Number of protein chains: 2
Amino acid sequence: MEIAILVFDGLTALDAVGPSEVLWRLPGAELRYVGKERGPVQTETGPLRVFADHALKEVAEPEILVVPGGMGTRALLDDEEVLDWVRAVHERTRWTTSVCTGSLILAAAGLLDGMPATGHWLQMDRLAELGAEPTGKRVVREGKIITAAGVSSGIDMALELAALEAGDEVAQAIQLSIEYDPQPPFDAGSPEKAPEAIVELVRTRAAAREPAR
Amino acid sequence: MEIAILVFDGLTALDAVGPSEVLWRLPGAELRYVGKERGPVQTETGPLRVFADHALKEVAEPEILVVPGGMGTRALLDDEEVLDWVRAVHERTRWTTSVCTGSLILAAAGLLDGMPATGHWLQMDRLAELGAEPTGKRVVREGKIITAAGVSSGIDMALELAALEAGDEVAQAIQLSIEYDPQPPFDAGSPEKAPEAIVELVRTRAAAREPAR
């Protein structure tokens, strides 16, 4: 089972690695990190460099597509080479998925027109401008498209996907393997739960510094 | 503020990327991905390749050390070059931390003798053999050493560390930025919570396949 994970400069590393950590444990899974070209890409995280081990043209029919987000998505929203690849691959996927601002790429490719979808909470207006119908949910499944909220939500999305692909027991075994028993020290992980001052702080900082940080 | 993250072949990618995604957002943070040599390392995840942008000898006094885990830790437990570096760096860190089986490396370096610590739930006996006193907690802080449980726990650990370094508001802003409002589809993330059959499945598989998967 081929699983393609799009990678690009300005990627948020956890958007790609959260789902990777779940999905590579699926029986028969073969992950491909797919870039415009093979070679290193500079994530926005760290900034850690990761490798694209495949180029777009080398991956034509993955069963699962994962499109992560990050500040680098901005440059991809009018990149026809990437958008064409996403559209072409989507024709035959079993699941087309995104994490965070990765849903902006799916929307720019025309895959989310009029569809419920989610993404990073700071980018909901942009998602709507691109034709989707944003919801506040953490994971939105609509047909074969699954979009997830910001950054860390890719882990939840991937566990749901693991259950769809391989059953609840396998998904639970993966959850236990990665000891995903979250115990954040604060309850500030969504704009509904965080103190208003924190929401404003992040909003202001994001406006000054560009998306999703 | 220099933050060194040890990377090595057989690393679990999320062990390193979870904390990275939190810590690079700290004001003034400069992350270094430190390998025995500079260059690519093959994680066990995917398998994704990531880059060591610094060699051990190039990073002498990081304020924070993060030691991730993975199947590759086994080869490091008697690697004196790595253990010497961990010991030397620890002398001057403000915080020395580990995720998952990374605590085995700290223990092998002699940093956890007789100390409460944690790590991946499947490796608690090994952690005790190496001199630590394993606890079932998700994050254990003992002096300036913070150990975290399996894989995904590095996110929780790093948020706690962010609060210690920069205050609760900054940590909450980071939590909101990465939208860490976990909603796993199952409640099977620890051996106490998972169905017994799932615990046995993971235990059996791990025994056959080597640690922590």
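Predicted model: local features only at pLDDT ≥ 70, side-chain atom pairs only at ≥ 80, totals over all residues.
Let's start at the axis.

Now, how do the two chains relate?

Next, the contact itself. 60 residues of chain A are in contact with 60 residues of chain B. Which elements of chain A give two or more residues to this side? They are α1, β2, β4 (49–52), α6 (153–166), α7 (168–177) and α8 (196–209). The most comes from α7(A), with eight residues. By type, the side of chain A that touches chain B has 33 nonpolar, 14 polar and 13 charged residues.

On to the sheet in chain A. Seven strands make it up, and it is open. The order is β5-β2-β1-β6-β7-β11-β10, with mixed pairing. At the edges sit β5 (54–55) and β10 (139–142), each pairing on one side only.

Look at one pair inside it. Strands β1 (residues 2–6) and β2 (residues 30–35) of chain A run parallel, joined by five bridges. There, Ala4(A) stands opposite Arg32(A) in β2(A).

Last, a helix. Helix α1 (residues 13–23) of chain A packs on the sheet. This helix touches β1, β2, β6 (64–67) and β7 (95–99) of chain A. The direction of α1 makes about 165° with that of β1(A). Recall that α1 and β2 of chain A also give residues to the side that touches chain B.

Technical notes. Residues numbered from 1 in each chain as written. Chains lettered and ligands numbered in written order. Pairing = 2+ DSSP bridges. Helix = DSSP H or I, 4+ residues; strand = E, 2+ residues; numbered from the N terminus. Contact = placed C-beta atoms within 7 Å. Axes fitted to C-alpha atoms, helices over the stretch in contact; angles between N-to-C directions. Nonpolar A, V, L, I, M, F, W, Y, C, P; charged D, E, K, R; others polar.
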